[in-house]
Amino acid sequence: MNEISNHNLTENDLINGCLAGDRRIQELLYQRFAPKMYAVCLRYANNTDDAQDLLQEGFIKVYRNLGKFRGEGSFEGWVRRVFVNTAIEHYRRKVNLNTISEKEERTIEDGAWNVLDQLAEKDIIQLIQELSPGYRSVFNMYVIEGYSHKEIGEILDISEGTSKSQLARAKAILQKRVQEFLDSKRKSLTRL
């Protein structure tokens, strides 16, 4: 068979080839989706090694569960959901989220968020990776993935209030770190 090009294959070709066990097609599926899914993994991981582990674990689940894709919605969206769920499961096993009282929740400020516009994507990812796993998971699930606090609570087995307070604390920490990051950039520029 001639060399297969990733650009010539439809998503149905990829799915059917993978279901048939064609290793070349599995590699093409990996090549097509790995960069985007690695970005998802980076948002949930502590570091690049953890992100690589999540990437491999996610693709194993994609290959094993391809038969469950019903063709409803986009295939890329389905793949992404597998990766998000893989990351959430991974960190749910490792992390014990602290329950926060409503009194503590009210003391957490939700400050200005526009400073993020001044950062490069890699800087934002690095700052998110520096969050504790609990804060990072809730932040990613709410801000990036669009889960509601109720859904996050059910998935992570925490209260809706705890989800809200974890998000507020994550935002407060990120805001402080972003400001520190920008201040250090400004200082280094003024020295030049």
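User: In this predicted model, are E145 and R43 buried or exposed?
Analyst: E145 has a relative accessibility of 14%, and the limit for the buried class is under 20%. R43 falls in that class together with E145. For both residues the word is buried.

User: How many residues apart are E145 and R43?
Analyst: The side chains of E145 and R43 meet in a salt bridge, at 2.8 Å from N to O. This pair links distant parts of the chain, with E145 in the loop between α7 (133-144) and α8, and R43 in helix α2. Their separation in residues is 102.

User: How many residues apart are R80 and E145?
Analyst: R80 and E145 also meet through their side chains in a salt bridge, 3.2 Å from N to O. R80 belongs to helix α4, while E145 sits in the loop between α7 and α8, so the pair links distant parts of the chain. Their separation in residues is 65.

User: Does R80 count as buried, exposed or partly exposed, and what is its class?
Analyst: The relative accessibility of R80 is 27%. Buried would need under 20%, and exposed would need over 50%. R80 therefore counts as partly exposed.

User: Which residues are linked in a network of salt bridges?
Analyst: E145 forms a salt bridge with R43. R80 forms one with E145. The linked residues are R43, R80 and E145.

User: In which helix do K61 and E57 both lie?
Analyst: The side chains of K61 and E57 meet in a salt bridge, 3.9 Å from N to O. The two residues are 4 apart, about one turn of the helix. In general, an α-helix has 3.6 residues a turn, so residues three or four places apart point the same way. K61 and E57 both lie in helix α3.

User: What is the relative accessible area of E57?
Analyst: K61, the partner of E57 in the salt bridge, is partly exposed, with a relative accessible area of 22%. E57 is partly exposed as well, and its value is 23%.

User: How many salt bridges does the count come to?
Analyst: The pair K61 and E57 is one of them, at 3.9 Å, and a nitrogen to oxygen distance within 4 Å is what the rule requires. The total number of salt bridges is 7.

User: Is the ring pair of Y30 and F59 stacked or tilted?
Analyst: The structure holds 7 aromatic pairs. In the pair of Y30 and F59, the ring centres are 4.6 Å apart and the planes stand at 50°. Planes under 30 degrees apart would count as stacked and over 60 as edge-to-face, so this pair is tilted.

User: What is the relative accessible area of F59?
Analyst: Its ring partner Y30 is partly exposed at 22%. F59 is buried, because its value is under the 20% limit. That value is 2%.

User: Which residues form one aromatic cluster?
Analyst: Y30 and F59 pair by their rings, and both belong to the cluster. The members are Y30, F59, Y63 and F83.

User: Which residues does Q26 touch, not counting residues up to four places away in sequence?
Analyst: Q26 lies in helix α2. Q26 is buried, with a relative accessible area of 14%. With those sequence neighbours left out, Q26 touches C18, G21 and Y63.

User: Within what arc do the buried residues of α8 fall, seen down its axis?
Analyst: The buried residues of helix α8 (residues 149-156) are H149, I152, G153 and L156. Seen down the axis, they line one face of the helix, because they fall within an arc of 100°.

User: Which exposed residues does the face of α8 turned away from its buried side carry?
Analyst: The buried side of α8 includes I152 and L156. The face turned away from that side carries K150 and E154.

User: How many helices does the protein chain have?
Analyst: The chain has 192 residues, of which 41% count as buried. It has 0 strands, and its pattern along the sequence reads α-α-α-α-α-α-α-α-α. The number of helices is 9.

Definitions and conventions. Residues numbered from 1 in each chain as written. Predicted model: local features only at pLDDT ≥ 70, side-chain atom pairs only at ≥ 80, totals over all residues. Heavy atoms only, no water. Buried < 20%, exposed > 50% of the residue type's maximum accessible area, 1.4 Å probe, protein only. Phe/Tyr/Trp six-rings, centres within 6.5 Å; stacked < 30°, edge-to-face > 60°. Arc of directions from axis to C-beta. Contact = heavy atoms within 4.5 Å.
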